[in-house]
There are 2 protein chains.
Amino acid sequence: MADSYHHGNLRQALIDAGIKIINESGEDSLSLRKVAAECNVSHAAPYAHFNSKEELIDAIKSNVTDQFMEELEAAVSEVPTAEEAIIAMGRTYLTFFSRNPDYFVFLFGKQNITAHLQMNKDYKNDYPPFVLLKRMYKRYLEEMGLEKSFEEQEIDLIKIWAMVHGMASIACMKGVKTSFNWNDPDERLLV
Amino acid sequence: MADSYHHGNLRQALIDAGIKIINESGEDSLSLRKVAAECNVSHAAPYAHFNSKEELIDAIKSNVTDQFMEELEAAVSEVPTAEEAIIAMGRTYLTFFSRNPDYFVFLFGKQNITAHLQMNKDYKNDYPPFVLLKRMYKRYLEEMGLEKSFEEQEIDLIKIWAMVHGMASIACMKGVKTSFNWNDPDERLLV
DNA sequence: TCACTAACTTGACAATGTAAAGATACCTTC
DNA sequence: GAAGGTATCTTTACATTGTCAAGTTAGTGA
């Protein structure tokens, strides 16, 4: 299978090679031809699995997001209460992206984000990490015996997400120097 | 001057053409050759004013940032107290970027950000909007008669900035639908 | 008037995304 | 097991792009 005409699992190999290139030299230097070369196939081979460079990039993004989700879910499952879970999510969020800032730029930098932070009640077609946060937040309200309107919930969620995402954004900017401990953010996230 | 060999002020014309292209069809479709064509000069003409495509893009960024700063300073000068000024900044921040989301992606999307959100005491080589916020924040502490340590100040500033920047980030994401009023964010930004 | 230099053009080249046409190997169906 | 179909991969080709090198033009100062 190694040196046969057919690769075996080229699709995943292309994704892995793409991630490798991004980690080594950034998204800008990622080209379809390099990815193909990395997999020892011809430069047009990727077109059997992706219709465009953008499709490959989207596949990589969803691969990285899966990786991110695993860490988030692990963090959430380690604590008993929803309140702690939300704090743990924020911490994991910052840890994940300050560990590899390239992923932040890669995931959220360009405009073609498949992430949808929709606030509507059905979770359909939503950004997985945000779905998780919403679930934890709902549980938090229940555990605390709180009743809030949809609008109030929306504001809370945006506040939490904006705070954490904004911090990650700052932390991932080049040249930023603070004495802030990004891995242990202020815990009073919930207002 | 119109059809002469020398353009007159090609440098600024290139920047304007770049902004136009970004507004019309996004940063991805911005090429040096298109910018040159837009100015009716040969494809290599830009190299008399910029050493690379990146340098042109940086120039465009600083142009857009100037525009942004004008609005921020106007907003700040319209209110008497520093507290109101900070809130006005947040509102202007969100208004500016929800008015033209492309600028947000363009300014903060890629990694080569010249913006430096440095927390050190000297404002040297700092991101102008952030310098303004720090000045307002300092004035706020004075007006309120508050005394805070450098670390506490740092945390406050990061919180404010992260909140506003995070909100703008969410607002500029494609496909986001909320009932949140981005132009009138929650005013309890200061903890 | 005469260099000198900044601004611009022309021509070239390598890297890249992508399409079209052909080659190869696997898989199903008889 | 043969035949045909199809997914996978290669080869070739082309337009776009960033960038460089060499030449051209025009304004500037001595």
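Here is a short walk through a few spots in this structure, which is a predicted model.

Let's start in the middle of things. The largest nonpolar core has 109 residues, and the members that touch the most others in it are I60(A), F97(A), I60(B) and F97(B). Take I60(A) and skip its neighbours within four places in sequence: what remains in contact with I60(A) is I15(A), G18(A), I19(A), I22(A), L30(A) and F106(A).

Now look at T65(A), which sits in helix α3 of chain A, running over residues 53-77. Is T65(A) buried or exposed? Its relative accessibility is 9%, and buried means under 20%, so T65(A) counts as buried. Leaving out residues up to four places away in sequence, T65(A) touches L107(A), Y127(A) and P129(A).

Next, hop over to chain B for a pair of helices. Two packed helices are described by the angle between their axes and the distance between the axes. Here, helix α4 of chain B (residues 82-99) packs against helix α7 of chain B (residues 150-172) at an angle of about 20°, and their axes lie 9 Å apart. Angles under 35 degrees count as roughly parallel, so that's the label for α4(B) and α7(B). Their crossing is right-handed.

And which residues do the meeting? From α4(B) come I86(B), G90(B), Y93(B), L94(B) and F97(B), while α7(B) brings I160(B), W161(B), V164(B), H165(B), M167(B), A168(B) and C172(B). Sorted by class, this contact has 10 nonpolar residues, two polar ones and no charged ones. You've met F97(B) already: it was named above among the core members touching the most others.

Key: Residues are numbered from 1 along each chain as its sequence is written. Chains are lettered from A and ligands numbered from 1 in the order in which they are written. This is a predicted model: local features need pLDDT of at least 70, side-chain atom pairs count only at pLDDT 80 or more; totals for chains, interfaces and linings use all residues. Side-chain values use heavy atoms; hydrogens and water are left out. A nonpolar core is a set of buried Ala, Val, Leu, Ile, Met, Phe, Trp, Tyr and Cys residues joined through side-chain atoms within 4.5 Å. Buried means under 20% relative accessible area, exposed over 50%, partly exposed in between (1.4 Å probe, protein chains only). Contact means heavy atoms within 4.5 Å. Axes are lines fitted to C-alpha atoms, for helices over the stretch in contact, and angles run from 0 to 180 degrees between N-to-C directions. Helices (H or I, at least four residues) and strands (E, at least two) are DSSP runs, numbered from the N terminus. Angles under 35 degrees count as roughly parallel, over 145 as roughly antiparallel, 65 to 115 as roughly perpendicular and the rest as oblique. A crossing is left-handed if the near helix is turned anticlockwise from the far one by less than a right angle, and right-handed if clockwise. Ala, Val, Leu, Ile, Met, Phe, Trp, Tyr, Cys and Pro count as nonpolar, Asp, Glu, Lys and Arg as charged, and the others, Gly among them, as polar.
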